[in-house]
Amino acid sequence: MVLLKTRRDTLSFSVYKGNAMRAEYKHIKLPISDVSDLFVGDRAIFSGRVICGRDAALPKVCELIDSGNINDIGINFEGAAILHTAVSEAGIGPTSSNKLEIEESFGPLCDVGVRVFLGKGSLSDTTIAKLEESGAVYAVVPPVTALLGKGMTSKRVVAFSKLGMEALYEIELEECPAVIAAAHGKSIYQG
């Protein structure tokens, strides 16, 4: 059993199998320009502006990047974090980042400045190499919609409003816990 407790300045992670541990978290303010001090296995708390999109919106963003029209949506991707999620009244929770439509977006999004990808699931070796080449990281987020929804202080649709909850959103997020799963050419999923 895992117990996750949040406080403003710390996050405790305890595993009950006769052992308990206290984890230190790196507090990351978004947007971020340099992720070189984040390593596979690091525990992090992300706060700040986050762009939310998943398999319906991200291919459309990539089309805008390819056509040179990405500035038309009015978002600055430099140093941004992308959370692979839909945004609904029920809250937010990560979707699988290794869905074809999502994983194919990593390269173009890195090229326009995205430095942090938040989601869940393993990534291909090709994507891990692209993250290394671009100076970006991937972090897995616990699939706890209530915790993440509580930390969302604002939200606005920035593109593709006809997609409803799968539109591209920009949110302000406080204290999103995550574990760095891919950085510097390594992954927690590699054997």
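## Helix H4 and its surroundings

Gly 135 follows H4 and has a positive phi, near 70°. This is a predicted model, in which local features need pLDDT of at least 70, side-chain atom pairs count only at pLDDT 80 or more, and totals for chains, interfaces and linings use all residues. Residues are numbered from 1 along each chain as its sequence is written, and side-chain values use heavy atoms, leaving out hydrogens and water.

Helices (H or I, at least four residues) and strands (E, at least two) are DSSP runs, numbered from the N terminus. Buried means under 20% relative accessible area, exposed over 50%, and partly exposed in between (1.4 Å probe, protein chains only).

H4 spans residues 125–134; its buried residues are Thr 127, Ile 128, Lys 130, Leu 131 and Ser 134. They lie on the same side of H4 because they cover an arc of only 160° around the axis. That arc is taken from the directions from the helix axis to the C-beta atoms. The face turned away from the buried side carries exposed Asp 125, Thr 126 and Glu 133. Cover for the buried residues includes helices H2 (100–103) and H3 (106–111). Contact means heavy atoms within 4.5 Å.

## Cysteines and Thr 85

A disulfide is a pair of cysteine sulfur atoms within 2.5 Å. The count is zero disulfides. The sulfur of Cys 176 is 9.4 Å from the closest cysteine sulfur, in Cys 52, too far for a bond.

| Residue | Relative accessibility |
|---|---|
| Cys 110 | 3% |
| Cys 176 | 0% |
| Thr 85 | 2% |

Thr 85 sits in the loop between strand S5 (81–84) and H2. Among its contacts, not counting residues up to four places away in sequence, are Cys 52, Arg 54 and Pro 94.
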